[in-house]
Every structure is written in C-alpha cells, then in structure tokens.
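I opened the notebook to record what I looked up, chain by chain and then across the contacts.

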Amino acid sequence: MTTDLAPGPKVDPKIAATADFLDTRLGISKMFKGLGRKLFPDHWSFLLGEIALYSFIVLIISGTFLTMFFVPSMTEIHYPHDALPVTMQGQPMSEAFASTLNLSFHVRGGLFMRQLHHWSALIFVGAMVIHMLRILFTGAFRKPREINYLIGFLMLITSLLAGLTGYSLPDDVLSGNGLRITDGVVRSIPIIGSYLSFMVFGGEFPGMDVVPRMYALHILFIPGLILALVAVHLFLVFWHKHTQYPGPGRTNKNVVGFPLFPIYVAKAGGFFFIVFGILGLMGATMSINNVWNYGPFDPALVGAGAQPDWYMLFLEGSLRLMPSWEVVIAGFTVPMSVLIPAVVVPGVLFTVLGAYPFIHNYATKDTGEHHVLDRPRNAPTRTAIIVAVLSVFFVLLAAGSNDLIATHFSLSLNAITWAFRVLFFVLPVVAFIVTKRVCYGLQRKDRELVLHGHETGRVVRFASGEYAEVHKPLDDFERWVLVGPQPERPLEIEPAEDSNGVRRPGHKKELRRQKFSRFFYEERVEPVTPAELVAAHATGAHDALPASEERDARELEARTH
Amino acid sequence: MKALAASRRHRLAPVILMTLALFLTGAVYAALAPSSAQANTAGADDIEEGRRLFITNCSTCHGMSAEGSDTVPSLIGVGAASVHFQVITGRMPMDADSPQAGAKPPQFTDEQARQLAAYIASLGPGPGIPDEETVDPALGNAAEGMQLFRTNCAMCHNFVGAGGALTNGKYAPALDDSTPTEIYEAMITGPQSMPVFNNANLTEEDKRNIIAFLVAQREPNPGGFTLGSLGSVSEGVWAFLVGFGLLIGAAVWIGARSS
Amino acid sequence: MTIEHTDRSTDVVEHPEQFTNPGLPPHRPRLGDEDPKANKLSERIVLAIFTVSVLASIASIVGYFAIPVDPEAGSMGNTRLSTIVIGVGLGLGMLGIGVAAIHWAKSLMNDHDKVEERHEIAGDEETRGTAVEMFNEGVRDASIARRPLLKGAVGGALALAPLPFLVPLIGNLGGDWDVSRFKRTAWAPGDNGDRVYLATDPTNRRIKAAEVTVGSLFHVMPWNLPEHPNYLDEKAKAVVLLVRLDPQDLKETEERASWSYDGIVAYSKICTHVGCPVALYERETHHLLCPCHQSTFDVTDEAKVVFGPAGRALPQLPIDVDENGYLVAQRDFDEPIGPSFWERER
C-alpha cells in the first residue's frame, strides 16, 4: 500500500513522503484502510445515478462559465446595431437577454457552453428519473434505504426547481411565457394566491425583479441545496454498501464486486469523462433553446409549439387536458381548471412517489434488511403499479405535445385532446393488468426453464422409435438466479379473539392492513423447489439423456446425416 | 437574394430550383407562343387565356363566371394575388375534401397562374400580385421584421415559421419553402383560416421586413443541427434518443465483463 | 393460490425446501489473461485512445484562437464553426480519457470477483445499551427533566428567533402588495378624462375604424404605451385583439350592443386560463385559440369558451370612434382580465 508509514524499498520515496505528510495531518491511512478496497457490484443499471451526478458536475462547470458573462438584469437596453444576430439589431430588450445573445455570439465557446449547460440539465433530470425508476423496479428503496430514497426524491424536486429557475433566466419569449403560466398557477391558489404572485414577481407580472431573484436561487441556493443532498446521499450509499442483483454467491450478508481502488476509480472516474464527452459532443453539434429565434420577452406574444423542457411537460399536458371549470364560492373565485391539473395532479403524483417505500412497509411489515435486489418480474404488483403511474406520465407528456402530434400526424387537435382525456383514466388500469400478467407469465417461463432446461434444437430418435428434443439442464449457477429469490407473502395476523374469546383491540386495523397486503402478494408464482426438480427429472424425457442413450442418439444422428 | 444563395445546401434549394424551372418553362413557353410574350403585364390575350384555363379547370366548383356557390367561395373581387397564391402553391385546384386545402406540387406554371389571376382580376378589383421590389428581402429590415412577425404571425406559424396546429385538423403551414412573393400574397389575401393583414395593419414596408426576417431564418443555425426548430419537445426527444442512447450504451459496456 | 405443481414424486428421500446458494461461479479468464499478445494489444489500444484525447484537446484550443467571432469579423457561420470546433474538441478530449481508462480497467486490471461481508446497519444490543446509557447520563447532566419551564422557554425562543429574518424578507418580496392592481389596466381614461386610442402593436400607429376590414386581425395596445413607466407590466394586462365581423355573424346581448363599433369588436388577448396571449385567430370560424393550452373562444359569441381549460370568456373592451374616425376605448374593462384569482369578483 502506498500509504505505508515505513516505506519498503519498492515504494517511490516521493510518494511515500507525500503519503506521510498527509497521513500525519489528515490520517489518510485510516481512510484508505476503510475505503480503499471497498467493493462495488458491477451492473450497468448501477451507473444511472452516476450519470446524474456527473451531469450535475458538468452543470456546475459550464454554469460557472456562463455566470461570467450573463447579466441578471431586467433593465431595458437596445441591442447594438453592429452585433449579431441581425434579427436583433437595435431592438429593445432586457440586459439579461442581451447578455445571453452576446455570450452566444461574441464570446468564443460561449454558445457551446450554453448548449452544453442546457443539454446537461435535460440529461441530469432524465438520469435522476431513470435512476429512480431502477430503484423502484428492483426494490432498492426497501429497508434500510428508505431515508436515502427520500433524499433522492428531494433532489429530484430541487432539480425541477433548478430547471424552472434556469429556464427563466435568458428572458426570452418562451421563458417569459413559462413565468406567465407559473403566475397563473400561483394566482389560482385559494386565499393567498394573489399575494404569492406579488411575492414571486415583487409586484405585478413581469415586473423588474424576477430575473435577479431566479438568478440568486439558480446559481446559489438551489445548487447549494443539491450539493448538500448529494453529499448525504453518497455517504449513505457508502454506509449501507451497495445493493446487488441476485446471483450465485451473492447473499443478503455479503457484497460481491470489484474494489474501489483501482477498478472503480478507473471505471467510475472514466465514466465521468465519458458523460462529459457525450454531453460535450451534444452541446457542440445539436442546437438547443435558440433564444435568438424567440426574441426578447414581450407579454403580448407567444409562438405555436410553446412548451417547457421535458421534465415540466407533464404539467403542461395536465393543464391542456383539463376541461373548463371555474367555481365562485361566496364571491371568491376558485379556478378548478388550473388548480386541479397544476396543483392537485402533481401533488398526488409526488406524494405517492415520495411515500412509496412507506406504502411498501405498510404492506409487508418489513423487518429484515434487503441488500439483494428483486428482478422486476418477481414483484409483479409493484412492477405493475410503477408501469401504471408511468403510463399516466406518458399520457401527460403526449398531451403536452398535442399540437405537434396534430401537425405531424395530420390529426385534429380537439380529437387528440379527447383521446388523451380518456386515456388518462383508462391507460393506467390497462397497463396495470397487462404488466401484472406479463410478470406472472415471465415467472412461469422461469419455472419451465428450471424444470426442463434449455432447448437445444437437437431432435433424436430412440431405439423405441420415439422422437424427442434434447433439453440441456441448467447448471447450479444459472439455476440459482431463478430459484433463489423467494416471493413476499401477505401478512399473517392474529385471530379476532384471543384464546379466552376476548376481542383483541386493533384487530380491525390489522384486518385492513392484511387486505392491503393481500392486494400486493396474494397472487404469486412460487419458484421451483428441489423436490419439484427431482420429480420433473424422474418423469421427463426432456432432460439430458443418460450417458448410454446419449451415445445411441449420437450414433443415430450421425447415421441420418 | 444573397442570403438565399448562401443557403443553397438547405431545404430552400429545391424551391429555388423549382421556381427557376418554372420561370424557365414560362420563358420557353413565351418564346414558342409569341402572342403572350408579355406575360407579366395583363393583356387582353392573358385574360382570355386565363378565362380558358378557368373554364377548363376551375369552373366545376367556382361556377362558369366565378360566382361560387353555397359551399364554394365566389372569386369576384378576390384579386390577382389571391389566385396566384392559391394556384402557384398547389392549393388550388383542391383535391380531396379535407379540413383545409394543403400545399402540393402546382398544376400550372407561373405563367398560367398569372393568366388565371389576370382573368379573375378582370372580374372585380382586389389585391394584385406584388412586384419584385415590394418583396425583396434585401431591402427589408430583418430586426423590425422579427418584432412584427412575433406579434402577428408566430402564434400560428411558430417563431421561425416551422408551422403549428389550429383547431379540428386545420393547421398553419411551415414557411421554410415559401417564396417572398407567396408570403406577401398570403398576408394581403388571408387564405383560408388566416386573417387578412391589409396595408393599414401591416404596411408594405412592414410586410417586406417580415419577409426579410423569414429569409434570415434560413441561414445555417449557429448552434448546430436545428432538430426541426420545434422547441423543447423535440429537444427532449433528442436528449433521450441521442443522449441516453449513448450514455446507457456506455454504461452497458462498462458493466459487461470483458472477454 | 397458484401453487403450480402437483407433487408426483414418489421419492422417499427428504428434499430441502429451498435450493442452496451454489457460491461464486469459477472465474472465466479473458483473452489477455492467457495470451500476452492480446494483453499487449489492449495496452496499445489504451495508449492510442489517450493520444486521440490529447489531439482533440489541442484541436479545441487551436479552434478557439483561429476562429474569430467578434462583431467585426464574425458571422453566424463563424459562430457555428467556433462552437463545433471548440465543443467537438472538448468532447472528444473528455471521451478519450474515459474510454481509455475504462478499457484499461476492463482488459488489463484484475477481474476476479471479490467478496466482502456486510454488517447489520443497526448497532448490536451492547452498542445500543451503551448509547442509551450515555444519553440518559447526558440528560441527567443537563438536569433538564426537572425543569419543564426551561424546556418551554428553549422551544419558544427557537421558534421566534427566525422571524426577525423571515418577516422582513417576505414583507419586502411583494413590493407594495397592492393586489387590486390586477383589476386596472391602461385603458382607463386619463385623469383629464381623455379616452385612450387603440394602436397597433408593436408599431404604435393609431387605427381608423375604416381600416379594419372584415377578415383582418389587429394586435392592439393602448396608444403610446411604450412611454409608460411600467411598460411591460401594463402591456401584460392591456393587449387586445381587434377584428371586424360581418354584423349578421355577431351575436350581441342588449347590454353589449354599444361595446362594438359597426361589427368591430375588441377582446382581451390575455387568456383567462393561466395568462398566455390568445393570439391565434381563425378567420373562417371566428375562433380564437390559445397556443399554450388550446382554450378556444368564439369571437362571434362574446368570446365564450368553446373548447379547452379556460374557465371564462375573454373580457371585452368597449370601443368607440372619435371625431376623426380613430378607434378609442370607451373606458377600462368591466372585469379583471387574465387568469382568475381568489378576490377576482370582490
């Protein structure tokens, strides 16, 4: 080890001296002893969170570049007559917008950094969502990781705020309309809505304050918050040790993988550069948020195809789907067609998402620690719920793009909207049922595979004249993946009355909980047991042939060729 | 026109070529048929030729004297610009019964379109076909045009003229392929769902500024591929297709055991 | 309910209920583990990719210096080229490092799986006991249990302490908090009773009634609005759309008969849903469509909602003409424009 305090002859004396310097001041030998050879399991889906982390770092780096040239001010100026692009020359605009144009056209590499920043933002939020889906599908949120799941969930919310505040900064027409919609939504909140709107804009929309305010939030407060959450999140990943997929040699009591130093330093470190590289290539070649096409903000304008970035698109879709509804109670106005789609729908969606580990605990009364992940098919109800929620999310995304769907597929805007209104309610039910059935089907297929082995495509004829296909049985390692994981079972509860015939208090509550639990775990496909496998071998002609028959079969085959 | 030439590799190229081809055809036709040599100034011959074309191709719907019917508009007084626009963009003659008449390859040469226009113009006064100077983007101010376009046009046609949806299957078409003359004629006549922008609303100079802005949009995008200029939705789709396609591909490579 | 098997086994041997974990599979050697040539090749590939990275980074820097984008030398094409060269160079530079490092890790570093034991996250009984004891000792040392008043005082002080920060912060954020401004627009006649002229947006030309022909659409703002000190705030409330309808298409109630002028009607352009500009006018159907959320309003019928989420019709601006034929607003809107809010009807 390089931190050896008494360096042997092989260690470079310079490294030894540095290590000694650091160890006597920081105690790095203890840290390295604890962490240096810590193991991480290898799987591509464990890198999704890293995509989010690395794109966040790229966001900070490119964002720092942008702050050097961006002016967060809404003061009106006229764009110079000799500056690019020609379509903006001499036009009135805010300093924020003018500085965005300037850093795009006259700062070398500025446009690249802007595009890099924006692509990274889309990928950042996307990676968080995909990472979260992986966590949900594989049950990685289960005890002891519920709190870390919540921290991740908070990061998702803060990132949405980061996106919203960042999107508003250039002060172009699209960002201004985004703020206009935000204003409309804030105003719809009963009792305090108008005052909240004044609070956001420092008066009426748009005012002169919103860009500097968003700027302070976007470059200081929100990234600071995310950084703090990232630190806790990563600490807990180390503290809990990483989960692993089921496999031979892997148990709830161990970790199988590669050491941090050197393999994961190279792999995870290398992946940072790959993420940076891919984002860089995207920023260099794919234009994004061409604000010079939209022009400076003007509250009288909007363009066709005005949509927010993808992570806010579900809200846009929700607003578009809602039919007209406004009520006046005792002279006070409640705009339901804003309140429901923009406040209630996301509120419910996020509450369910954040509370999912606790809903799970309620259904299982979970006591043990789970470090081995589920294959999604082995938790059919959970998988089906996630797919159902996802299907709603996709309907909202599509509804948010309904005008583009209309023009690109030559459909009627109104018909599409109606179709999505119906799908919003129907699709999740269908998705739930179909997904659940698919999961059970896959589990049965796994059973078949264990019982009868792989088809080899070799058909042989026995001496008796019978034909049969030779099946190759699974080896122990392959079989373990299919028979090892045991399904959850519904809660067992005490009977309503104890042995003395006295009604137990709280029984009704337990009954409800059991019912809930049955919804999740009642219907299940049990994995093959050793006894079943032996039975299948005893009756089946499908297994590998006994050695003598195998030889006969080969000869037969050779003769027929 | 310099700007047009600069983007010859772009989607405009076929249009320019087509327009040139049309003019060429017109020129050849003119050379072969001396009687209508002065195609652009509506002579009595043009009107007569236009009438003939009208009777053969348009009168089934619009009536023998362009008077229209309950479901088909009368053409008396719509002016030459309207006819020229509808015919040269292929919208007329209309084929199927759809929510709106879409652009398609034109059935008539520019020459013939002008003859038709001349005939209709002879039935009643209306906006005429603009001359080259009126629609020359080089004489317009693209920055002023930007402001005008955003206020008056972008809500239907999108910020860069990529088009957009209207109600019940109608749509505002993309403007990438429209010639300056067509853009001008559309503004002054208001085809189908489009409102009319008369010269009090948008002066001739305003209109030329708008044309200058639209032509300036055809320069190559400084940021790289435009991804269809459809804004955030297409950007999101590309982020997932290209971004996550590559990133997850890399992740699978990293997670796979090497052989 | 889906125990899928019927136990046909007649074996007398007792089988375990579950399979046992077979342990790690044997390590499969890589090509490079056994073939020194392949090993050497991997090393060369890593070296080559690092070299590509170095070259790309250099190209990026060269591109920075070589391609001018300043106003004198620059053009859109230059900006495009500069962006691509700097960006692609940086991207390939980064990508090269990553691909090389990972190829190194995968092909040359030890790839034997290692196993490490996990420990329960919760402390064992002894640790928990010690912790509880330490905590109790601390509570005793603080002697807080016997002083309930002190507990209350700590709580109260801590709860109040943030307020001197929060109250001024929130108090100042809303400016003058005069939310009644939502209900007034720049169309209200001036102090001297002068009515406000309608003018084109953005060209600020007054509009004569005769110029508004049937089928045309005017985007309108109050005349000389750009000179207003809160120009954008006022514009966000005051913009209207002006169209002329064939009088027989127009359905007007008795009350609003005097609000239009010879078939010319003016409606607020700010959507009553969440405030986008409803700017999309279909000349043939006389429908106004909001491009943001597709609320559709019928101009012939007092701009009532015919489709989409908006809860109310667009407010109508009562108009008139002056002695020279220019269009003017009779007065401000009769109701607040734009998105709804709690006190709207009060």
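In what order do the four strands of the open sheet in chain C stand, and is the pairing parallel or antiparallel? I read the order as S2-S3-S4-S5 of chain C, with antiparallel pairing. I note that the model is a predicted one.

**Entry 1: the sheet in chain C**

I looked at the edges next. Strand S2 (198–200) and strand S5 (264–268) of chain C stand there with a single partner strand each, so one side of each has no neighbour in the sheet. On average, neighbouring strands of this sheet are turned by 40° against each other, direction ignored. I then followed one pair: strand S4 (residues 240–244) of chain C is joined to S5(C) by five bridges, and the two run antiparallel. Within that pair I found C:Val243 bridged to C:Val265 in S5(C).

**Entry 2: domains of chain C**

I checked the domain assignment, which gives domain 1 (33–107) and domain 2 (182–329) in chain C. The C-alpha centres of these two domains of chain C are 57 Å apart.

**Entry 3: chain A by itself**

I counted elements in chain A and got 20 helices and eight strands. Its C-alpha atoms fill a box of roughly 95 × 80 × 70 Å along the principal axes. Of the 561 residues in chain A, 48% are buried. I also looked at contacts in chain A between residues at least 6 apart in sequence, and 73% of these join residues at least 24 apart.

In an unreviewed entry, UniProt lists residues 247–441 of chain A as "domain: Cytochrome b/b6 C-terminal region profile".

**Entry 4**

Which strand of chain C pairs with strand S4 (residues 254–259) of chain A, and over how many bridges? The partner is S1(C), in the antiparallel sense, over four bridges. I listed two of the residue pairs: A:Val255 stands opposite C:Glu116 in S1(C), and A:Val256 has C:Val115 in S1(C) as its bridge partner.

S4(A) also pairs within its own chain. Strand S1 (residues 39–40) of chain A is joined to S4(A) by two bridges, again antiparallel. There I found A:Leu39 with A:Pro259 in S4(A) as its bridge partner.

**Entry 5: chain C against chain A**

I turned to the whole contact and found 96 residues of chain C touching 108 residues of chain A. On the chain C side, the elements giving two or more residues are helix H3 (76–107), strand S1 (114–117), helix H6 (163–173), strand S3 (217–222), helix H7 (231–238) and strand S9 (304–307). H3(C) gives the most to this side, with 20 residues. By class, I noted 49 nonpolar, 24 polar and 23 charged residues on the side of chain C that touches chain A.

**Entry 6: chain B against chain C**

How many residues do chain B and chain C each give to their contact? I found 28 from chain B and 33 from chain C. On the chain B side, helix H7 (142–152) and helix H8 (154–157) are the elements that give two or more residues. H7(B) gives the most to that side, with three residues. I recorded the classes on the side of chain B that touches chain C as eleven nonpolar, 14 polar and three charged residues.

Conventions. Residues numbered from 1 in each chain as written. Chains lettered and ligands numbered in written order. Predicted model: local features only at pLDDT ≥ 70, side-chain atom pairs only at ≥ 80, totals over all residues. Contact = placed C-beta atoms within 7 Å. Nonpolar A, V, L, I, M, F, W, Y, C, P; charged D, E, K, R; others polar. Pairing = 2+ DSSP bridges. UniProt positions renumbered as here; feature names shortened; annotations may be inferred. Domains from an automatic or database assignment. Buried ≥ 20, exposed ≤ 12 C-beta atoms within 10 Å, placed from the backbone. Axes fitted to C-alpha atoms, helices over the stretch in contact; angles between N-to-C directions.
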